[in-house]
Amino acid sequence: MFDRKTDTARRVLPLAVSMCALTLAVPATAQDGAARAKRPSVSREKPVAPNSTTSLVNLLIKQGVITEEQGTALIKQAEDESYVQREAAKGASARAEEAAKAASAAAAAASPPGTKHVTYVPEIVKRQLREDIKREVMAKAEKENWASPGKYPEWAQRIRFSGDMRARYEGQFFPTGNDPRLVNFNSINTGNPYDLSEANPYFAPTLNTSENRDRARFRLRVGADIDVSDNVLAGFRFASGDSNSPVTLNQTMGGNGGNFSKYALWIDRAYLRYQPSQDFSFSVGRFDNPFWSPTDLVWYRDLGFDGFAAQLKHEVSPGITPFIVAGAFPTYNSDLNFGYNIDQNLIKDGLPGKYASNDKWMYGVQAGVGVKFDPQSSFRFGVAYYDFTNTQGRASTPCYVFGTADVCDTDVTRPSFAQKGNTYYTLRNIAADPALGAGTIQPAYQYFGLASQFRPVVVSGQVDLGDFHPVHVVIDSEYVNNTAFNRDAMLGLDRYNAYAARTIANNTSPTSDSTVGPFNGGNQGWMTRVTVGHKQVRTLWDWNVHVGYKYLESDAMIDAFVDSDFGLGGTNLKGYFIGGNLGLSDNVWATLRYMSANNIAGGPYSVDIVQFDLNAKF
């Protein structure tokens, strides 16, 4: 690349000189005839530049033949050329001098004492030395990038940085009449177990259902893709976030204790991808959702997947491209030191021990087809099946629990993160303490596990109508059915969910509350959305608007992975949403959304949410 630029400078500079001469020779007006008859005189002014090349370029700029940017580039190129020539000349002279000294020393050793020697280096040898040195200097210049303006080193050219920033105002508005006793199971399962005995006078942790809130938030994401080799890509991304929640990267301003405390930055993506062709790729690490999902009914749009995934697609005929995706993803890995400390039934020889692992995995496969009707209109359809293993909670073997620090052998089967909506049941089979006397109420410190298994089937579809391109009409739809759901298993006395969660706060059995009624959770969900406008808002006045409806029953999907905004996150929600985007400049746009959600099952709960975003992409 350096040789080509140097050659360009060699050609442009003589051309510039010629153009300058022509410019000076052409009369400005017909009235200058008398002036042309006069003899030209030599200017007595001092030169405006240190060398003739720079002077000529400056004169070309002044005459308007070339722009200032072009002139700057020519001067830089000429300076690089001059530097290379000087280095080559110095190197050639130094080598010629060393060769002469060596020749003189050899001749002196072979000649009688007193003989005088005159060293002569032929001109052709000097020229050859200069050319050799020039090639070496130019190679070094290209490698170190000091003679190629605007060019990055080779390793830097393989890295592509990107990122985005979003500032958000969010308002949460609760109507009167909501049940204030919506239990926060995630708070219990990620903290100390909750005492379900009648001796506990305190309510369980609850979610806010009555007090309006607002907050200012931001999201920052910065990452890079790296071409490791022809077929291997590496990527990483750092992101903001209040916590390590998988479904939000938002950081609340004034959070983390307030007082302008600093915020955390999380590893949001880190992966390697082998891609020998455009049709196939294999990824390992933490990467974007590999499954096609046009809505956030099942998977939140920012959710990252840990594990392994293979993607294959191939155009079998013009405009028709089938695809298939498969992968395995660990959702929980057991603590290496998870063990018991007090359970006398398990301790052997008076020594401590460890419980068996309960690693959790999700296996998934999706197949579908994309059809392109014309350059602007298309249709896509896919069916996916997911199998969550070891995710359902398991009842423990009999164990003694005397305080919040004690453990039972199935405690790790509880969810490590949850939003709200799924059905739970108590995990610990607490043995009676023989030391307690008759009539004494024994504490019942409990954790809660998912009552249902999850093997959802998801059907996804999208129609993109581009008859009015760049304005499009896009219809997205999705349906989910948890095929592992067993309604009869939800009717036990130790089952708790939205329909009966408030009984935990009262420390009573679900069936002892006459207002509860029969279980009316479910295993299905669907969502549809219509978007009109530009498919992507990139430039000033680009726009789109959307409206949709969502219905997601309690156990259709694990609530940890679904949308965190609609209804403040989770399942067992239904309602509508509307919003739009407007481009404010290149890569800057504003977003306004309104969402209204209600409980499907259980006590009354509803919330309206307004979000206003300012987005920037770089």
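User: In this predicted model, which side chains meet in a salt bridge with a distance of 3.4 Å, N to O, and involve Lys550?

Analyst: The partner of Lys550 is Asp296, and their side chains form a salt bridge at 3.4 Å, N to O. As a general idea, side chains of opposite charge can pair when their charged atoms come close. Here the pair links distant parts of the chain: Lys550 belongs to strand S21, while Asp296 lies in the loop between S7 and S8, 254 residues apart.

User: Are Lys550 and Asp296 buried or exposed?

Analyst: Lys550 counts as buried because its relative accessible area is 5%, below the limit of 20%. Asp296 is likewise buried, with a relative accessible area of 9%.

User: Where does Asp464 find its salt-bridge partner?

Analyst: Asp464 pairs with Lys535, and their closest N and O atoms are 2.7 Å apart. Asp464 lies in strand S17 (residues 456-468), whereas Lys535 is in the loop between strand S20 (524-533) and S21; the two are 71 residues apart.

User: Which residues do salt bridges that share partners join into one network?

Analyst: The network consists of Arg168, Asp296, Arg301, Lys550, Asp563, Asp565, Arg593 and Asp613. In total, the structure holds 22 salt bridges.

User: What salt bridge does Asp302 form?

Analyst: Asp302 forms one with Arg221, where the closest N and O atoms are 3.4 Å apart. Asp302 is in the loop between S7 and S8 and Arg221 is in strand S3 (residues 213-227), so this bridge ties together parts that are 81 residues apart in sequence. Both Asp302 and Arg221 are buried.

User: What geometry do Phe388 and Phe561 adopt?

Analyst: Phe388 and Phe561 are stacked, with 6.1 Å centre to centre and 15° between the planes. Phe388 lies in strand S13 (residues 377-389) and Phe561 in the loop between S21 and S22, so this pair ties together parts that are 173 residues apart in sequence. Phe388 is buried at 5% relative accessibility, and Phe561 is buried at 16%.

User: Which residues form one aromatic cluster with Phe561?

Analyst: The cluster holds Phe287, Phe291, Trp299, Phe305, Phe329, Tyr386 and Phe388 together with Phe561.

User: Where do charged groups sit over aromatic rings?

Analyst: The charged end of Arg414 sits over the ring of Tyr447, 3.8 Å from the ring centre. Arg380 lies over the face of Phe323, at 4.7 Å from the ring centre.

User: Which residues make the nonpolar surface patch of about 640 Å²?

Analyst: The patch is made by Leu540, Trp541, Trp543, Val545, Leu582, Leu584 and Leu614. Strand S21 (543-552) and strand S22 (573-585) are the elements that give two or more residues to this patch. Leu584, in strand S22, counts as partly exposed at 38% relative accessibility.

User: What does Ala590 touch, not counting residues up to four places away in sequence?

Analyst: Ala590 touches Gly580, Asn581, Leu582, Leu584, Phe612, Asp613 and Asn615. Ala590 is found in strand S23 (residues 588-599) and is buried, at 14% relative accessible area. Ala590 and Arg168 are 422 residues apart in sequence and 9.8 Å apart in space, C-alpha to C-alpha.

User: How many helices and strands does the protein have?

Analyst: The protein has seven helices and 24 strands. Of its 618 residues, 42% count as buried. Among contacts between residues at least 6 apart in sequence, 67% join residues at least 24 apart. The accessible surface comes to about 33300 Å², of which 58% belongs to carbon and sulfur atoms.

Terms used. Residues numbered from 1 in each chain as written. Predicted model: local features only at pLDDT ≥ 70, side-chain atom pairs only at ≥ 80, totals over all residues. Heavy atoms only, no water. Helix = DSSP H or I, 4+ residues; strand = E, 2+ residues; numbered from the N terminus. Buried < 20%, exposed > 50% of the residue type's maximum accessible area, 1.4 Å probe, protein only. Contact = heavy atoms within 4.5 Å. Patch = residues over 30% accessible without salt bridge, like charges linked within 9 Å, V, L, I, M, F, W, Y side chains within 5 Å. Areas by Shrake-Rupley, 256 points an atom, 1.4 Å probe, with all protein chains shown as cover. Salt bridge = Lys/Arg side-chain N within 4 Å of Asp/Glu carboxyl O. Phe/Tyr/Trp six-rings, centres within 6.5 Å; stacked < 30°, edge-to-face > 60°. Lys NZ or Arg CZ within 6 Å of the ring centre and 35° of its normal.
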